[in-house]
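Here is a short briefing to read alongside the model.

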Amino acid sequence: MSTQKYDLAIVGAGILGLSAALAAAKRGLKVVVLDRSSRAMGASVRNFGFVTVTGQDREHTWLRARRSREIWLEVAGAAGIPIAQTGAWITTQRPEATRVLEQFMASDMSEGCELLTQPEAKTRCPWLTHDHVGAVLWSPHELRVESVDAIPQLARWLSAHYGVVFLWNTAVKSIDLPVVSTAQGPVLAERAIVCPGEDTISLYSDRPGMGAISRCQLQMLRLDSPGYRLPGTVMSDLSLLRYGGFAMQPAAHALRSRVSTELPQFLDQGIHLIIAQSADGSLVVGDSHRYDQAVSPFAQESVDQMILEEFGRVTGRPAPAVRERWMGSYAYLANTPVFMDSPADNVRLAIVTSGIGASTGFAIGEELISDLLS
Ligand SMILES: Cc1cc2nc3c(=O)[nH]c(=O)nc-3n(C[C@H](O)[C@H](O)[C@H](O)COP(=O)(O)OP(=O)(O)OC[C@H]3O[C@@H](n4cnc5c(N)ncnc54)[C@H](O)[C@@H]3O)c2cc1C
């Protein structure tokens, strides 16, 4: 390790650490990012890469998602990260779900969105509009990147364009500024931001609130190309129960009650449907939500089958062959989208404690840097 002193050391090279690095580098700070892995392997590369704006919880998340979308567009152009898809296509099958969308359309959060009747939807996307489709909400705001490529590309661009230094294979053991102690030796920095993802044990585990953070585990699939292009990233009735901006609508009660009678096991497993499409036409499909303190190594085939069953209901066609399966997990704290703390002078700790880091990370990064420098 060198004797160079950095203005800022960031622990974690997931989307949150990279977002903080970008915000700091824009302010002219000399930044070092440390990650224990040889490359980012956490939640940030296992997700859909779906930057979701419409339907996010107004209270905490919607504004952050809008700001993050702006930064994603700016960064994608500059860093050469392809936007694989734009927009969201939220299709309903139950009248209660259509009612949720109608109520959502009456709110100011629907700006730019359109509620399409079934015949209107059919003219836009005949492949996805079958007899059981009630209505479709089209939102132009969403972006989708291929996370497994986008996150490493973002790190390379931060290094090349802003001179951000990346120290991989470098586990941080403790921070007592200006010394950041790592398994490879000390790194010197004026300030530190810790973005450890779901690792709430290695650093600051004794801080109030840290013990309450658990984990959410998700099952994901990649399917062969269906042979047509999706109009945007697809969601369905079940998604309306998971996204705060929809779930807050009065009609969501009736929808939940109907789904809990028809598909109780889907609610038990936290299953809803997102179908995202990659440049080669293949589909990233998920997901399920299992909450626990520990992450289980065992994927359940029955859960994958439920996800595929919902795919069939929503698209009106059998799912293409499964090409790949993986599990992901993120930190979880009920009713708290982001856990932030100041464990020491000039040190900030930030953990996204819900499934929204791809959608809100860039805005949170800006907030962290503003707070640290103020
Ligand atoms: C399957 C799945 C689907 C998802 N879908 C979406 C979605 O559609 N939209 C959305 O917005 N969000 C989604 N999310 C959530 C999103 O991916 C996360 O909120 C986000 O990636 C969290 O980013 P992070 O940087 O905090 O954590 P991570 O990406 O997990 O990065 C944390 C990094 O910190 C490093 N680290 C930890 N401790 C140390 C230490 N002591 N020393 C050195 N390095 C350390 C780790 O090695 C890791 O690389 C999804 C998540 C999953 C798992």
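Twelve of the 17 residues of helix 11 are buried (under 20% relative accessible area, where over 50% is exposed and in between is partly exposed, with a 1.4 Å probe and protein chains only), so the rest of the structure largely encloses this helix. Please keep in mind that this is a predicted model, in which local features need pLDDT of at least 70 and side-chain atom pairs count only at pLDDT 80 or more, while totals for chains, interfaces and linings use all residues. Residues are numbered from 1 along each chain as its sequence is written, and side-chain values use heavy atoms, with hydrogens and water left out. Helices (H or I, at least four residues) and strands (E, at least two) are DSSP runs, numbered from the N terminus.

**Helix 11**

- The buried residues of helix 11 are G357, A358, S359, T360, G361, F362, A363, I364, G365, L368, I369 and L372.

**Helix 3**

- Helix 3 covers residues 62-79, and its 18 residues should span 26 Å at 1.5 Å a residue; the end C-alpha atoms lie 25 Å apart, which agrees.
- Buried here are W62, R64, A65, S68, I71, W72, V75, A76 and A79.
- These residues cover an arc of only 165 degrees around the axis, which puts them on the same side of helix 3; the arc is that of the directions from the helix axis to the C-beta atoms.
- An α-helix has 3.6 residues a turn, so residues three or four places apart point the same way.
- On the other side of helix 3, L63 and G77 are exposed.
- The buried side packs (contact means heavy atoms within 4.5 Å) against several elements, including helix 1 (15-26), helix 6 (147-162) and helix 11 (357-373).
- After helix 3 comes G80, with a positive phi near 70 degrees.

**Nonpolar cores**

- A nonpolar core is a set of buried Ala, Val, Leu, Ile, Met, Phe, Trp, Tyr and Cys residues joined through side-chain atoms within 4.5 Å.
- The largest one has 54 residues, of which W89, L240, F246, I275 and V285 touch the most other members.
- Helix 10 (residues 301-315) gives this core its largest share, six residues.
- A second, separate core has 45 residues, among them A24, V45, F362 and L372.
- W89 sits in strand 4 (residues 85-91) and is buried, at a relative accessible area of 1%.
- The C-alpha atoms of W89 and L137 are 5.9 Å apart, although 48 residues separate them along the chain.

**Strand 11**

- Nine of the ten residues of strand 11 (residues 214-223) are buried.
- Strand 11 pairs (DSSP finds at least two bridges) with strand 16 (residues 322-332) in the antiparallel sense over ten bridges, and C216 has Y330 as its bridge partner there.
- Strand 15 (residues 290-292) also pairs antiparallel with strand 11, over three bridges, with Y291 opposite C216.
- Strand 14 (residues 283-286) pairs antiparallel with strand 11 over four bridges, with G286 opposite M220.

How values were computed: Expected span 1.5 Å × (residues − 1).
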